[in-house]
Amino acid sequence: MSEQLVVPSYSRLREDIDQLVQWRWVFVIVMLAVISIADSLFPGSLPMPIPAVIAASMGVYNGLFFLYARHLKAVQAEDRERRYVVFAHVQIVLDLVALTVLLHFTGGIEHPFFLFYIFYVTAASILLPRLFSFLYAGLASTLFSALIAAEYWQVIPHVHLEGFVSPQRYQRGIYVAAVLFVLTITLFLCTYLVSAIVQELRSREEELFESNQSCELRAGELARLNARLQELDKARAQFIRLVTHELRAPVAAIQSYLKLILEGYVPPEKQKEIITKAERRALEQLALISDLLDLARLQERKDEEAVELVDVACVLRGVADLMQTRAEDKDLLFSVQIEPDVPPVRANPEHVKRLWTNLISNAIKYTEPGGIVVVSLSQNPKYVVGVVRDTGIGMTPEQKAHLFEEFYRTEEAKAMERQGTGLGLSIVKRIVESYGGRIWVDSEKGKGSKFSVALPKAG
């Protein structure tokens with residue numbers, strides 16, 4: 001749509017039309033007053049009561065316009081703006097015709113009220129697109145020119161205001177031509193200036209509206225980012241507290257063991273046992289530090305350059321061989337089922353190894369002796385799918401909701417296996433998601449768990 005045909009916004013159009021209705025009341029009152037005064041000053045000059053009837057008729061249809069304007073506010077939004085535009089056209093056309101008829105019965109070119117054409121052309125320039133403003137300037141000029149020409153050529157009778165101006169004025173061709181020329185030029189200049197100003201104001205209003213919308217969107221985005229930052233800050237603070245606690249406990253235990261030995265509270269035959277406990281706690285701390293480093297590396301993605309085609313089945317077989325002994329020590333039935341021709345994935349080989357190690361070791365660790373741990377590897381059209389199923393302690397739905405949080409371990413897990421950092425599954429989840437995969441778990445308390453991992457196929 002061209003710039004000249006841009007229609008003002010509904011809210012602005014509604015306000016302007018309401019003002020036009022209000023100003024028409026003023027016009028009708030002023031016109032009735034002027035007609036009454038003219039009839040008193042120049043008795044018998046006006047064909048009374050026709051001018052008063054015309055002015056009163058404008059008041060009547062203005063009352064109808066007032067009621068229709070109130071009705072439009074209840075119209076559905078998608079149809080309301082179109083109706084307001086049509087409503088504006090109807091008002092301006094009717095007013096121009098009524099003003100022309102009124103001028104004819106109140107002196108024609110002798111009556112200075114012909115300057116009210118400027119008011120209506122200005123109103124059209126404010127209410128409607130620029131093209132229509134020029135059309136209404138031409139319509140006003142044509143109506144008044146037709147009226148004056150018809151009176152000049154005596155096609156219709158001229159109403160003379162006796163004692164107000166010379167009776168020959170409407171018959172002086174040069175004067176009539178000059179008035180019509182000046183009025184026409186004035187109407188078009190007024191239309192040009194007002195429409196240019198209004199168009200600029202509408203453009204600025206639209207820019208302000210778009211800027212306001214943009215600011216609101218950015219404010220909403222900033223609010224979301226701020227909420228996210230607060231969540232991250234809260235998570236960071238909680239993570240620091242958890243890490244501090246987890247690191248402090250082994251160090252405090254090692255210090256206590258060493259202090260007992262150094263201060264002579266441990267007899268020589270017991271020292272080896274105490275040193276063994278201290279070593280175990282040191283190994284726990286090393287495992288925790290290793291897991292924390294893995295988490296940091298996964299978060300920073302410093303290993304992207306090590307991504308390559310990885311044979312998931314080959315990595316699984318290697319991890320399963322290492323885990324076989326641990327499963328046999330707990331008297332578990334441990335089996336691995338791999339479909340033929342499982343395609344590779346693009347990943348860091350160490351990440352894939354860590355994924356299988358954590359999932360299988362957890363299954364073995366939290367399954368009672370005599371239980372079953374089954375690992376399977378298959379594929380679907382888009383993913384390589386690994387499943388680790390066990391008959392271990394299982395979880396409740398509430399516990400499952402926190403399963404992948406850092407340092408989270410269920411009470412049953414702590415009771416069954418004291419050693420553990422609570423970071424293994426967090427690491428697995430970050431590994432899987434960093435390669436565009438997903439991990440999910442099905443579990444029932446006391447009946448075991450089933451962990452499923454899906455990694456995108458290479459290519």
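**Cores and a helix pair in a predicted model**

Let me begin with contacts, meaning heavy atoms within 4.5 Å: among those in the chain between residues at least 6 apart in sequence, 74% join residues at least 24 apart. This is a predicted model, in which local features need pLDDT of at least 70 and side-chain atom pairs count only at pLDDT 80 or more, while totals for chains, interfaces and linings use all residues. Residues are numbered from 1 along each chain as its sequence is written, and side-chain values use heavy atoms, with hydrogens and water left out.

The chain has 12 helices and 7 strands, taken as DSSP runs (H or I, at least four residues, for helices; E, at least two, for strands) and numbered from the N terminus. Of its 459 residues, 40% count as buried, that is, under 20% relative accessible area with a 1.4 Å probe, protein chains only.

Turning to the nonpolar cores, these are sets of buried Ala, Val, Leu, Ile, Met, Phe, Trp, Tyr and Cys residues joined through side-chain atoms within 4.5 Å. The largest has 52 residues, and L103, Y117, L127 and F144 have the most contacts inside it. Helices α1, α2, α3, α4, α5 and α6 each supply at least two residues of this core, and α3 gives the most, with 10 residues. A second, separate core of 41 residues includes F334, I364, I439 and F451.

Terms used: Buried < 20%, exposed > 50% of the residue type's maximum accessible area, 1.4 Å probe, protein only.
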